[in-house]
Amino acid sequence: MNMSPETIAQYKGVYVFAQQVDNEVSGIAYELLGKARELAEPLKTDVTAVLIGSGVKDLADKLAEYGADKVIVVDDPELKDYRTEPYAHALASVINEYKPEIMLVGATAIGRDLGPTVSARVATGLTADCTVLDIGDFPLQPIPGKENEQLHNQLLMTRPAFGGNTIATIACPYNRPQMATVRPGVMQKIEPKKGAKAEVIEYNPGFTKNNRYVEIKEVVKAVSDIKDIMDAKILVSGGRGVGSPENFKILEDLAAAIGGQVSCSRAVVDSGWKPKEMQVGQTGKTVRPNVYFAIGISGAIQHVAGMEESDIIIAINKDEDAPIFDVADFGIVGDLNKIVPKLTEEVKAAIAAK
Amino acid sequence: MKVVVCIKQVPDTKGGVKFNPDGTLDRGAMLAIMNPDDKAGLEAALRLKDQYGAEVTVLTMGLPKASDVLREALAMGADKAVLVTDRVLGGADTWATSTTLAGALRNLEYDLIITGRQAIDGDTAQVGPQIAEHLGIPVISYAQEIKVDKDKVTVKRQYDDRYHMVEVKMPCLITALSELNDPRYMTPGGIFDACKADITTWGRADLKDVEDGNLGLMGSPTKIAKASDKVRKGAGEKVVPDSPEDAVSYIVGKLKEKHVI
């Protein structure tokens, strides 16, 4: 399994899979570029975005603005909609040709399929759903008497496991590239540099249909005018405690008054009260707004995993022992039906008085 | 038609999490259940058995006690069960695990392989696609619906903002989402038969076309540098106001203090 140190030394640069859907770059691609810039610094190397699709070359400038020094474009009609096989072939071919030391992929419904397929194809390790990435030593502390065996400049990948109960830091010391998928909403994009240009490299490994090419019979997009909760500065989030889909009205009123958006817990989605795209948590979205109201949300660990990085967490719950109070900055034990409508009025009054 | 379902015995995360001194999981110290996504995959296979008389084999890798989930699967209606267990396979990451399972699958006949999307202990969602890669068959992940028509399978494949209806010729591998179905319960007769059923047990020597260097802890490219219980940021203030008015003035006060309003 292990590569020789000589082979490992050939792998250089921090690479990012620049996910696009319908020829629009996904937010996660910019977030990964932001992180890649940080990682590239101690490694004294550059950042490359790998852009895969059909008719996507024009997107390279955007990637440059968000931090890509180089953009490798694999453009082919076979790559129009995401399918595991042509995309895995494209990315694995880029890896074999250009030999990156780090390859970051978004932990999206695309990346969590592409990542494992590619890692198996190029025979390296992959750490899933990372929330922290650093450059450091492996092992973290030198082993006495074997100080010279400690490896430096390794990618240290930290991820939650067991539904957020534990965290582990993983390294991939003897294989390259060091691959990680990263949860959307966790890494920070850089302030885009208008007019920045990247070196654009066009590369096509050739696509020959085989048994692994599936056929897409139909593409059904979710019709929705809901704004992405991951972009919200203030989230008013409701759980099963809200009681009914109709009663979400009081949360919507508060959100409108304070300039926020409504999100929800998994229980609410499972009950069919709200669509999945509004769900915060491990099986939903990771959010980090300035203010997160958790209203009638008990605070299961899977929910907390998706919102604990919020700057200010305000929880309202009638159950004094609800675990949400363990992560809330400000916890209020009380009846949401009485508190929330009054809060909306007071917030309106306070804003009007300014 | 032959279907193999890969299932995993996982610690019930509600029961708390324990580690060995080397940072790997102490699975022996936790309650064990069949992984939920895998159970949905098994149910999907059993529906193919109901509909088309498919033969359903369940396969797992783990400690000898992982045979418990195989017996549960047999009691639900699976026809055959295979346990892959060997000391040299311990400590495997997803690469080594998928290599192992692929080595076992090469000994089995299949038209369709179903795995869960991800297990609740590792949450990686990697083993299914990696098995498919090792076997050189197509993978369709995140299945919300599975339909079989002769030698083809059609899958409703979930994405973040859409779904694709995807068709492929078997053999192929599908990873199942929990929302695929509601798994059936074990039947009393099934439980009775499952207790007596033979479980095929394979060790390292029974794996086909795999190298020792790709197995177990040594064959795992990812290495744990550190593992720990998560350190949370901790609770802030908690108040029990006397009235809704007090609650509101408390919240508004904090929002003003933090310059939110």
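Which residue in β15(A) does A:Val236 stand opposite? A:Val236 faces A:Val262.

This is a predicted model, in which local features need pLDDT of at least 70, side-chain atom pairs count only at pLDDT 80 or more, and totals for chains, interfaces and linings use all residues. Residues are numbered from 1 along each chain as its sequence is written, while chains are lettered from A and ligands numbered from 1 in the order in which they are written.

An open sheet of six strands has the order β15(A)-β14(A)-β16(A)-β17(A)-β18(A)-β13(B), with parallel pairing. Strands (E, at least two residues) and helices (H or I, at least four) are DSSP runs numbered from the N terminus, and two strands pair if DSSP finds at least two bridges between them. The edges are β15 (261-264) of chain A and β13 (237-239) of chain B; each has a single partner strand, so one side of each is left without a neighbour in the sheet. From one strand to the next the twist averages 20°. Strand β14 (residues 234-238) of chain A is joined to β15(A) by four bridges.

| Helix | Strands touched | Angle |
|---|---|---|
| α6 (residues 248-258) of chain A | β14, β15 and β16 (291-295) of chain A | about 175° with β14(A) |

Angles run from 0 to 180 degrees between N-to-C directions, with axes fitted to C-alpha atoms, for helices over the stretch in contact. Contact between two residues requires C-beta atoms, placed from the backbone, within 7 Å.
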